[in-house]
Amino acid sequence: HGRHAAENLIAAARAVYNRAIADGLIDPRLSPAHRVCKPRRLPSTRRALTPHELVAITDTARTTGNDVILDTLLLRFHTETAARRGGALALRLMDLDEEHCLVLLREKGGTIRWQPISPPLTLALADHAACRGAVLPTDALLRYRDGHPCTTRRYDHLWHRIGQHVPWVATHGISTHWLRHTTLTWVERHYGYGIARAYAGHTDTTGPATTTYIKANLHDIATALSTMTGQPHPLAHHDNSQP
């Protein structure tokens with residue numbers, strides 16, 4: 001019903017009138033854009049995927065398409081890190097710390113953070129970059145078979161293809177961001193809100209006052225990752241007693 005179009009229109013109009021107000025061209029009380037209410041933003045329909053759904057998506061990605069290596073690597077990367085697409089595409093060769101099994105994520109809002117990944121994924125990323133021509137430290141880590149850096153088009157083609165083989169993927173509009181929901185939900189259920197918040201990279205904002213006292217560190221995130229993947233991590237707590 002045009003809800004999002006109306007929201008964008010009003011936001012754009014307010015931006016224009018805010019500049020007019022700042023320049024002293026009109027009185028703030030006379031701005032027509034600020035007298036119109038924005039449509040209420042509805043809750044997102046995204047949710048955590050079930051294990052069965054995640055298996056179906058992964059199996060389809062690795063058995064169809066013209067570059068199953070890149071596709072499965074993308075799905076595995078986002079499932080482990082809960083990173084956004086921009087964080088994956090911005091990865092450079094120098095952002096992979098093979099010794100400590102970490103990647104440097106640079107995401108929206110200019111946020112920068114180290115994120116633990118499993119040793120198998122670390123080796124797979126290093127091998128992928130080496131086989132596809134990443135040589136300089138600033139070279140893109142994720143690449144097509146011809147050596148060109150991966151782009152957002154690969155994600156679009158990937159989910160379109162999966163939707164053709166798995167109809168409910170297209171019906172629900174499942175995308176990479178659903179993997180973020182899936183991973184963060186699992187972490188929150190097993191390790192609590194504080195570690196899930198750090199896992200998501202939301203520590204750049206203050207949040208509720210309680211977050212000051214439940215702040216998680218890199219070792220806590222690595223421990224959650226180790227439990228989730230069943231793989232040891234060099235930064236994980238060795239006395240972890242979580243199931």
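Tutor: A salt bridge here is a side-chain nitrogen of Lys or Arg within 4 Å of a carboxyl oxygen of Asp or Glu. The model is predicted, so to speak of local features a pLDDT of at least 70 is needed, side-chain atom pairs count only at pLDDT 80 or more, and totals for chains, interfaces and linings use all residues. Residues are numbered from 1 along each chain as its sequence is written, and side-chain values use heavy atoms, with hydrogens and water left out.

Student: How many salt bridges does a search of the whole structure find?

Tutor: The general idea is that side chains of opposite charge can pair when their charged atoms come close. In this structure, the search finds 14 salt bridges. One of them links E53 to R47, with 2.9 Å between the closest N and O atoms.

Student: Are E53 and R47 buried or partly exposed?

Tutor: Buried means under 20% relative accessible area, exposed means over 50%, and partly exposed lies in between (1.4 Å probe, protein chains only). E53 is buried at 12%, whereas R47 is partly exposed at 30%.

Student: Where do R62 and D59 lie?

Tutor: Helices are DSSP runs of H or I with at least four residues, strands are runs of E with at least two, and both are numbered from the N terminus. R62 and D59 both belong to helix α3 (residues 51-63), three residues apart, which is about one turn of the helix. Their side chains form a salt bridge, N to O, at 3.1 Å. R62 is partly exposed at 48%, and D59 is partly exposed at 29%.

Student: And what about R113 and E107?

Tutor: Their side chains meet in a salt bridge at 2.9 Å, N to O. R113 is buried at 12% relative accessible area, and E107 is buried at 9%.

Student: Which residues does H128 touch?

Tutor: Contact means heavy atoms within 4.5 Å. Not counting residues up to four places away in sequence, H128 touches I69, L70, L73, L141, L142 and R143. H128 sits in helix α6 (residues 119-131) and is buried, with a relative accessible area of 5%.

Student: What does the side chain of H128 reach?

Tutor: Think of a polar contact as a pair of N or O atoms within 3.5 Å; within protein, one must be able to donate a hydrogen and the other to accept it, and residues adjacent in sequence count only if both atoms are side-chain atoms. The H128 side chain reaches the backbone nitrogen of R143 at 3.1 Å. In another place, the side chain of R3 reaches the backbone oxygen of R40 at 2.5 Å. R3 lies in helix α1 (residues 3-22) and is partly exposed at 32%.

Student: How many aromatic pairs are there?

Tutor: A pair of aromatic rings is described by the distance of the centres and the angle of the planes. Rings of Phe, Tyr and Trp (its six-membered ring) pair if their centres lie within 6.5 Å; planes under 30 degrees apart count as stacked, over 60 as edge-to-face and the rest as tilted. The count by this rule is one aromatic pair. W186 and Y191 form a tilted pair, 6.3 Å centre to centre with 45 degrees between the planes. W186 is partly exposed at 24%, while Y191 is buried at 14%.
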